[in-house]
Amino acid sequence: MNDIAQNTSPGRPRIAALVTEYRRYAHGQNIVDRLMGGYGWEGRWHYPELDVVSLYVDQFPENDLSREREARWPDLNIYPTIAEALTLGGSELAVDGVLIIAEHGDYFLNEQGQTLYPRYEFFRETVEVFRRSGRSVPVFNDKHLSWNWTWAEEMVRTSREMGFPLMAGSSIPVCWRIPAIDLPWGAEIEEMLVIGVGGIDTYDFHALEGIQCLAERRKGGETGVVAVEALHGDNVWQALDDGAWDPALFEACLCRSLSLEPADESRRHTYPTREELPNLVQKPPVAYRIEYADGLRATMLLMNGLVRDITVAARLKGQADPLSLLFYLGAGHEMQPNFFNPLCHHIESLMLTGRMPYPVERTLMTTGLSIAGVEALHQGEKTLPTPHLDFSYQVEDTSTFRRT
Amino acid sequence: MTEPTRKKLAIITTVWDWRSHANHMSERFFSGYPSQGRWHRPEMDMVSAYVDQCPEGDLSRQRAEEHGMAIYPTIAEALRMGGDALAVDGILLIAEHGDYPVNEKGQKLYPRYEFFSQIAQVFQEDERSVPVFNDKHLSYSFEKAQRMVAMAQALQFPMLAGSSLPVTFRLPSLELPLESEMEAALMVGVGGSDAMDFHALEAMQCMVERRRGGEVGVKAVQLMDGSAVWQAGEAGRWSRGLLEGALARSDSRSGIALSDGRPQDLVHSGELEELVENPAAYFIEYNDGFQATLLMLNGAVQDYTFAARLKGVSEVQSTQFLLPSKPNVTYSACLMAAAEHLFTTGQAPYPVERTLLTSGMLERCLESRLNGHQRLTTPELNVCYKAPEASPFCGSFV
């Protein structure tokens, strides 16, 4: 199969965006509008050097904006099928890059609690066009690869076999960090903890990325995961009391949060006591306990109400204090979701250079961790062996998060 | 129980309710605060208080009961803890809220100078001084502010003052190198006068004081508002390039960005002029010829951003001064970390002259507004100082 080096399209890359829906603040809107209209970047307004020329929209809710955008931007057209969006209505692939953005919309919720967003389906139809055209172009897949492990694995395998760059994941690994630090490349990590918010199958993925984008930088690189355990509700508090994770990591995460909720109606700025914690966490807490092949242990906690942001802490060998940081996403929905800016910057780089800024194996791993966590919960808070996640990958030492 | 080795603090304040500076700041000493990944508990206790006004919602009495703090009817008694000699090791002077008159310049006459004078009198009478932290500006009056700094020098006590903006988180974590060859600077702020404009001016000052030659004072100021602000921009009095640099750091949403989600290049789209309710421009001309401008752009943004152009550097240097929201309003912990440093070491982490000059700039700008927006020469604002080598702000260290 041809690789992207044979892409001879003159001038600016032309991009097709396949979105589940296009409404205000949906991922599709956030990403496509930034690529089309620009965004604040460093000390200026940045207009990406590419054009989104075609759109496939799976669902049109009442507040749809895609038709308004089609009218607004003369070069952008909505097509009724994915194949037509990729061929611009012709018979062969006619774009230089593809965005798969399938995060929102009305899709079936299965009994495990997963929303069956059609990422794999979009991807498969994309690949069909690539095959038919004898040509492939870079693909960006927003967030996790699929809710189904077999499909996620197939997506990555297909991109390797056909030789096109596949970039995936959410904004978490690339957003502002406070403080603006990375895990020292090659550091030895003994234990990690991430505290996040939201529900399983949605925000667990973001928190897991918060672990993985640092863990993969450890000595020896990523060596794979051998087991995932999931806990829920009181069992999470029991695990805390049993010392299942380093209390200094828990404190570090809460002290990097900018949204730590005090116990008494905000009239104080207190650190929560053990007794206060269950009252502050509004939904039953969730924990995923991850056992890596090289012995690293990591814990993901979802503690809605106690905090409203995502923080991570790592115990490094030979260091007295944990390394800890906040993944800064802004002040909730009161602000612009500008954490999409660095993600769009990497998308632009992918489309202009054909190089992946970070390996898709990170997203494959976090996709697998999320699926395993959801499944472990569904099976009654089990520990599940994960032989399929026992794969390794390496990252370069260059940091890719937003610092400037 | 207060251990004998722990330092004792007094808080002198106007009002103490749950949204007040007094509450946010005293909490950092009562309850501790997040710092570098730990819950830090200062090795000092707030043991006495003077509270000028106690309207409904007062928390000072409750805190006194909870923490064994004593409230005294006068400042002198609070400092002497009811005895006959100065009995505390540090003082927080917080006079930002409360019911006080407003003068013709639109300044609320908070009694900072009056409180400070009483503190200094106790120091003088008792022949001993301790460090004083003064929240926000020194006084609504530059002359009174000067007298405050002179009293601190005469009685040789360390003094720290100012807003939380210079010490809060920055996105990105920008610190301009000392002795930067700065060509121009622009700050964008929001909120009312004379409350929020001070914060914005001091944030601007903590950046521009790092220019070549250090701070040499201000020779003239002018405050414009309304359409004259846009006209001044067109005439090149302030730079739209720098405004683009500052707003590129904003995460606010308004106008189109709010109604349908499209991020807006406000500087070039024409939307800015529609969104801003009543723009104001504070022009500051320094003695070395450097010029800096604060634009207050209510309606368009809700955050504080800064941009500067350095000689020989093509990219605009810019950042957002991040003000984390409720519940923890962590920026006040950043400020109290600086106050704690003052009380622990007896050294102010940054010069009080920054706040003195900013207090004067604001007062003279408001005078310009009162005098038909005239440019005012300000020979009295010849405040000279050197910026600190390391100017600690939250997130600048791990």
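Biologist: How many residues of chain A are in contact with chain B, and which element gives the most to that side of chain A?

Modeller: In this predicted model, 43 residues of chain B meet 47 residues of chain A. The elements that give two or more residues to the side of chain A are helix 1 (27-37), strand 2 (39-41), strand 3 (44-46), strand 9 (176-178) and helix 8 (247-256) of chain A. By class, this side has 20 nonpolar, 15 polar and 12 charged residues. The count on the chain A side is 47 residues, and the element that gives the most, with five residues, is helix 1 of chain A.

Biologist: Against which strands do the buried residues of helix 8 of chain A pack?

Modeller: The buried residues of helix 8 of chain A include Leu249(A), Ala252(A) and Cys253(A). Leu254(A), Cys255(A) and Arg256(A) are buried in this helix as well. In chain A, these buried residues pack against strand 10 (189-196), strand 14 (310-316) and strand 15 (323-328). In chain B, they pack against strand 2 (33-35) and strand 3 (38-40).

Biologist: Is Arg268(A) buried, partly exposed or exposed, and which residues of chain B does Arg268(A) touch?

Modeller: Arg268(A) lies in the loop between helix 8 and helix 9 (277-280) of chain A. Burial requires 20 or more C-beta neighbours within 10 Å; Arg268(A) has 18 inside 10 Å, so it counts as partly exposed. Leaving out residues up to four places away in sequence, Arg268(A) touches Pro262(A) in chain A, and in chain B Glu27(B) and Ser31(B).

Biologist: Where are the domains of chain A, and how many residues of domain 2 of chain A are in contact with domain 1 of chain A?

Modeller: Chain A is divided into domain 1 (4-169) and domain 2 (174-334). Their C-alpha centres lie 31 Å apart. The side of domain 1 of chain A that touches domain 2 of chain A has one nonpolar, five polar and one charged residue. Domain 1 of chain A gives seven residues to the contact, and domain 2 of chain A gives four residues.

Biologist: How are the residues on the side of domain 1 of chain B that touches domain 2 of chain B divided by class?

Modeller: In chain B, domain 1 covers 7-162 and domain 2 covers 169-321. The C-alpha centres of these domains lie 32 Å apart. Six residues from domain 1 of chain B and four residues from domain 2 of chain B make the contact. The side of domain 1 of chain B divides into no nonpolar, four polar and two charged residues.

Biologist: What radius of gyration does chain B have, and what would a compact globule have?

Modeller: Chain B has 13 helices and 16 strands, and 54% of its 398 residues count as buried. Among contacts in chain B with a separation of 6 or more, 77% are between residues 24 or more positions apart. The C-alpha atoms of chain B fill a box of roughly 65 × 45 × 40 Å along the principal axes. A compact globule of 398 residues would have a radius of gyration near 21 Å, which agrees with the value for chain B, 21 Å.

Biologist: Which strands of chain B are the edges of the open sheet of eight strands?

Modeller: The strand order of this sheet in chain B is 9-15-14-10-13-12-11-16, with mixed pairing. Strand 11 (residues 218-225) and strand 16 of chain B pair in the antiparallel sense over two bridges; Val221(B) stands opposite Leu376(B). The strands that pair on one side only are strand 9 (170-171) and strand 16 (376-377) of chain B.

Biologist: Which residues of strand 6 of chain A are buried on each face, and what are the partners of Val98(A)?

Modeller: In a regular strand the side chains alternate between the two faces of the sheet. On one side of strand 6 of chain A, Gly97(A), Leu99(A) and Ile101(A) are buried, and on the other Val98(A) and Ile100(A) are buried. Strand 6 of chain A runs parallel to strand 1 (residues 14-19) of chain A, joined by five bridges, and parallel to strand 7 (residues 139-142) of chain A, joined by three bridges.

Biologist: Which element gives the largest share of the largest nonpolar core?

Modeller: This core has 250 residues, and those that touch the most other members are Leu18(A), Ile91(B), Leu93(B), Ile119(B) and Met204(B). Among the residues that Leu18(A) touches are Val98(A), Ile100(A) and Phe122(A). The largest share of the core, 10 residues, comes from helix 12 (residues 331-345) of chain B.

Terms used:
Residues are numbered from 1 along each chain as its sequence is written. Chains are lettered from A and ligands numbered from 1 in the order in which they are written. This is a predicted model: local features need pLDDT of at least 70, side-chain atom pairs count only at pLDDT 80 or more; totals for chains, interfaces and linings use all residues. Domain bounds come from an automatic or database domain assignment. Two residues are in contact if their C-beta atoms, placed from the backbone, lie within 7 Å. Ala, Val, Leu, Ile, Met, Phe, Trp, Tyr, Cys and Pro count as nonpolar, Asp, Glu, Lys and Arg as charged, and the others, Gly among them, as polar. Helices (H or I, at least four residues) and strands (E, at least two) are DSSP runs, numbered from the N terminus. The radius of gyration is taken over C-alpha atoms; the globule rule is 2.2 Å times the number of residues to the power 0.38. A residue is buried if 20 or more other C-beta atoms lie within 10 Å of its own, exposed if 12 or fewer, and partly exposed in between; C-beta atoms are placed from the backbone. A nonpolar core is a set of buried Ala, Val, Leu, Ile, Met, Phe, Trp, Tyr and Cys residues joined through C-beta atoms within 7 Å. Two strands pair if DSSP finds at least two bridges between them.
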